[in-house]
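Have the structure open as you read.

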Amino acid sequence: MAFLTKLSKISPLARVCLSRCMSHVPENTVYGGPTPQTADRRVTLNQLKQKYKKGEPITVVTAYDYPSAVHLDIAGIDICLVGDSASMVVHGHDTTLPISLEEMLVHCRAVARGAKRPLLVGDLPFGTYETSTSQAVDTAVKVLREGGMDAIKLEGGSPSRITAAKAIVEAGIAVIGHVGLTPQAISVLGGFRPQGKNVSSAIKVVETAMALQEAGCFSVVLECVPAPVAAAATSALRIPTIGIGAGPFCSGQVLVYHDLLGMLQHPHHAKVTPKFCKQYACVGDVIKKALSEYKEEVNNGSFPGPSHTPYKMNPDDVNGFFNELEKLGLNKAASAATAAAEKMNTAQRPDTETSQK
């Protein structure tokens, strides 16, 4: 009672401050107002919307594992797409069709562990969302709940795909649409062929993108369409377009990690690397050179040398080890251990003498 009497006598400002300190609700919750984003926090849809409104390009890279995700994180990429193109780039298939949902979830989880900053988007693989809206929603839920993604991407603009996108959005899951060349539809398209090259096809690209927008998609990927078609779609939409082989007039761009780094030199990958991809490095050549040097050094015995043989035994333990091996009747092994110790000591002496000088 005495405490309440004292509380009634303090100033209104002090009372507010005291109640704030006594509250069980953290100050920076949604109820207390928005928390400012910092560089090390996950990119949000609101941030992407702000970039879009300001005309700032959105960067997207497709990656499939923990190491690549870490690199995207360090580089400050806005969106990391875990694409079903893993079927071709990682698993070695000729198309995106064979990869399963279970395989995609493995890739998603690995990426989620590595990329802490980019918005994470997972592709819905072929055969996991076409049957019904219920199937589509269930798959999308799995990608978020079990894969650790923030949003999903689905391909195509047929009525059933539009309906699926709408149902997923209504289930509270953010969706990126995908029009133009849709690799999951190569059976209908007749292969990996660019779209929008004639009037009717170009109009279809724009109308499909608009339909995906009306379904609630927060962005649309435009793949392998002429630049004027991409420009028209970007102008017609109120959401960002992400181009891949669609020219410079989109709201952002996406490339595959392995493609832009020039990682793979295998003939299969050369066959599936698209014409529109710019290689910003020749990492594959560096990898090939490093592996060749490693093979050569192992073959000629120069690796591992003293600097890469860090674990030592003191002389007393070497002698004791030698004696115990002899007691076990392992004389040859004892001689090998002694010879190895002497050789390593001899090899390390020049380094020691150099450091003393």
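Arg 161 and Glu 130 form a salt bridge, with their closest N and O atoms 3.9 Å apart; the rule here is a side-chain nitrogen of Lys or Arg within 4 Å of a carboxyl oxygen of Asp or Glu. Arg 161 sits in helix α8 (residues 159-170) and Glu 130 in the loop between β3 and α7 (133-145), so this pair ties together parts that are 31 residues apart in sequence. Helices (H or I, at least four residues) and strands (E, at least two) are DSSP runs, numbered from the N terminus. Arg 161 is buried at 15% relative accessibility, whereas Glu 130 is partly exposed at 25%. Those words go by relative accessible area, with buried under 20%, exposed over 50% and partly exposed in between (1.4 Å probe, protein chains only).

A quick word on the ground rules. This is a predicted model, in which local features need pLDDT of at least 70 and side-chain atom pairs count only at pLDDT 80 or more, while totals for chains, interfaces and linings use all residues. Residues are numbered from 1 along each chain as its sequence is written, and side-chain values use heavy atoms, with hydrogens and water left out.

How many salt bridges does the rule give? The count comes to eight, and three of them are set out here, including the one above:

| Pair | Closest N to O |
|---|---|
| Arg 161 and Glu 130 | 3.9 Å |
| Lys 289 and Glu 293 | 2.5 Å |

Lys 153 belongs to strand β4 (residues 151-153) and Asp 123 to strand β3 (residues 119-123), so the pair links parts that are 30 residues apart in sequence. Lys 153 is buried at 3% relative accessibility, and Asp 123 is buried too, at 2%.

Lys 289 and Glu 293 are both in helix α14 (residues 283-300), four residues apart, or about one helical turn. Lys 289 is exposed at 54%, while Glu 293 is partly exposed at 38%.

The structure holds one cavity of 30 Å³ or more, where a cavity is a set of points on a 1 Å grid over the protein atoms alone at which a 1.4 Å probe fits but cannot get out. The largest cavity has a volume of about 50 Å³, taken as the space filled by probe spheres set on the points.

Which residues line the largest cavity? They are Val 60, Ile 79, Leu 81, Lys 153, Ile 176, Val 221, Ile 242 and Val 254, each with an atom within 4 Å of a point. By class, that lining has seven nonpolar, no polar and one charged residues.

Key:
1 Å grid on protein atoms, 1.4 Å probe; cavity = no way out; pocket = protein on both sides within 12 Å on 5 of 7 lines; lining within 4 Å. Nonpolar A, V, L, I, M, F, W, Y, C, P; charged D, E, K, R; others polar.
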